[in-house]
Amino acid sequence: MVFGYHYERGLAEGRHEIELHDDVSYVHHFAAVSFETRLMEHLDLELDFHYERNNFTSGIPEDERNGGHENIYQGNGRLFYQLTDKTTLMLTVQRANRRQNFLQTHDHNTNVSAGLIHRF
């Protein structure tokens, strides 16, 4: 099991130019947890969950991001089936949700993929 956290402060060039009405400066928080386990011989499972929070720090009254924030949640599940010492089948499911309070949007998407990993 793995836990992680990342903090970032981004300062946009031109953030003090009020006439642009656009300052994408932010404070970013990112947290993740990951879990890996062997379900049975040749079959492994990985589960990940990520959370992001972006707080926009614009001080420009006319900027749409002034007082804005967004939350992003993402979950991933992967199954790995070992065919040979060098070849593995993989199935992945990913689900993400994103909500921005300044645009009043709530987006989500789901991705499913299958693949083959071969090590030469």
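A residue is called buried when its relative accessible area is under 20%, exposed when it is over 50%, and partly exposed in between (1.4 Å probe, protein chains only). By that criterion both Glu 46 and Arg 78 are buried, and the two side chains meet in a salt bridge. The structure is a predicted model, in which local features need pLDDT of at least 70 and side-chain atom pairs count only at pLDDT 80 or more, while totals for chains, interfaces and linings use all residues. Residues are numbered from 1 along each chain as its sequence is written, and side-chain values use heavy atoms, with hydrogens and water left out.

**Fold and overall form**

- The protein chain has six strands and zero helices, where helices (H or I, at least four residues) and strands (E, at least two) are DSSP runs numbered from the N terminus.
- Because its radius of gyration is 20 Å, well over the 14 Å that the globule rule gives for 120 residues, the protein chain is more spread out than a compact globule; the radius is taken over C-alpha atoms, and the rule is 2.2 Å times the number of residues to the power 0.38.
- Along the principal axes, the C-alpha atoms of the protein chain fill a box of roughly 60 × 25 × 25 Å.
- Of the contacts in the protein chain with a separation of 6 or more, 48% are between residues 24 or more positions apart, a contact meaning heavy atoms within 4.5 Å.

**Surface and burial**

- Of the 120 residues of the protein chain, 28% count as buried.
- The protein chain exposes about 8300 Å², of which carbon and sulfur atoms supply 56%; the accessible areas come from the Shrake-Rupley method with a 1.4 Å probe, and for residues only the protein chains shown count as cover.

**Salt bridges**

- The structure holds five salt bridges, each being a side-chain nitrogen of Lys or Arg within 4 Å of a carboxyl oxygen of Asp or Glu.
- In the salt bridge between Glu 46 and Arg 78, the N to O distance is 3.0 Å; Glu 46 lies in strand E3 (residues 43-56) and Arg 78 in strand E4 (residues 69-82), so the pair ties together parts that are 32 residues apart in sequence.
- Arg 78 also meets Asp 48 in a salt bridge (2.3 Å, N to O), and because Asp 48 lies in strand E3 and Arg 78 in strand E4, this pair ties together parts that are 30 residues apart in sequence.
- The relative accessible area is 16% for Arg 78 and 12% for Asp 48, and salt bridges that share partners join Glu 46, Asp 48 and Arg 78 into one network.
- Asp 63 forms a salt bridge with Arg 65, with the closest N and O atoms 3.7 Å apart, and both of these residues are buried.
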